[in-house]
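Take a moment with the sequence and the model before you read on. Then follow the chain through its sheet, its helices and its surface.

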Amino acid sequence: MSIKCPFCQSSQVATRDVAKKTAGVIGAVGGGISGAAGAMTGAKLGNAVGVVGGPLGSALGGLAGALLGGLIGSASGGIAGATLGEAIDERVLDNYECLHCGYTFNSREL
């Protein structure tokens, strides 16, 4: 099904995805901070237990844990945020923009 502008009937229509992009970035940043904070807590425990591996092994393990936690948290937060933003785009905002006349509209106007 081709989406047409309800104003000028042009088929040159693009999605704007403003909420999806914004919520995805906010989710990624928040998830990254949360994941890194949780990983830092685990890294502190790992440093205390990792004394057996020596100071270098303990430090590298703590750093790797913090980075991995931040990456995993960032990815999962970004996905959750983008999913929420997509729902907002489709149900609340004017997510479609006519590239011919500039009119913005939502899926309820189709």
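Two strands count as paired if DSSP finds at least two bridges between them. Helices (H or I, at least four residues) and strands (E, at least two) are DSSP runs, numbered from the N terminus. The model is predicted: local features need pLDDT of at least 70, side-chain atom pairs count only at pLDDT 80 or more, and totals for chains, interfaces and linings use all residues. Residues are numbered from 1 along each chain as its sequence is written, and side-chain values use heavy atoms, with hydrogens and water left out.

Start with the sheet. Strands of a sheet pair through backbone hydrogen bonds, either parallel or antiparallel. Here 3 strands make an open sheet, ordered β1-β2-β3, with antiparallel pairing. The edges belong to β1 (13-15) and β3 (104-105); each has a single partner strand, so one side of each has no neighbour in the sheet. Between β1 and β2 there are 3 bridges, and the two strands run antiparallel. Which residue of β2 is the bridge partner of A14? It is E97.

Now take the whole chain. The protein has 2 helices and 3 strands. Along the sequence they follow the pattern β-α-α-β-β. The radius of gyration is 22 Å, well over the 13 Å that the globule rule gives for 110 residues, so the protein is more spread out than a compact globule. That radius is taken over C-alpha atoms, and the rule is 2.2 Å times the number of residues to the power 0.38. Along the principal axes, the C-alpha atoms fill a box of roughly 70 × 20 × 20 Å.

Next, contacts (heavy atoms within 4.5 Å). Count those between residues at least 6 apart in sequence: 69% of them join residues at least 24 apart.

Which residues are covered? Buried means under 20% relative accessible area, exposed means over 50%, and partly exposed lies in between (1.4 Å probe, protein chains only). Buried residues make up 27% of the 110 residues. A43, in helix α1, counts as buried because its relative accessibility is 9%.

G85 sits in helix α2. At 0% relative accessibility, G85 is buried too. Leaving out residues up to four places away in sequence, G85 touches A19, K20 and A23. G69 is 16 residues from G85 in sequence, and their C-alpha atoms are 24 Å apart.

The accessible surface comes to about 6900 Å², and 68% of it belongs to carbon and sulfur atoms. Such areas come from the Shrake-Rupley method with a 1.4 Å probe; for residues, only the protein chains shown count as cover. V18, L84, I88, V92 and L93 make a nonpolar surface patch of about 410 Å². Patches are made of residues with over 30% relative accessible area and no salt bridge; like charges are joined within 9 Å, nonpolar side chains (Val, Leu, Ile, Met, Phe, Trp, Tyr) within 5 Å. A salt bridge is a side-chain nitrogen of Lys or Arg within 4 Å of a carboxyl oxygen of Asp or Glu. L93 lies in the loop between α2 (54-91) and β2 (96-98). With a relative accessible area of 33%, L93 is partly exposed.

Last, the backbone. Most residues other than glycine have a negative phi. Q9, in the segment before β1, is not a glycine, yet its phi is positive, about 65°. D17 lies in the loop between β1 and α1 (18-49). The phi of D17 is also positive, near 55°.
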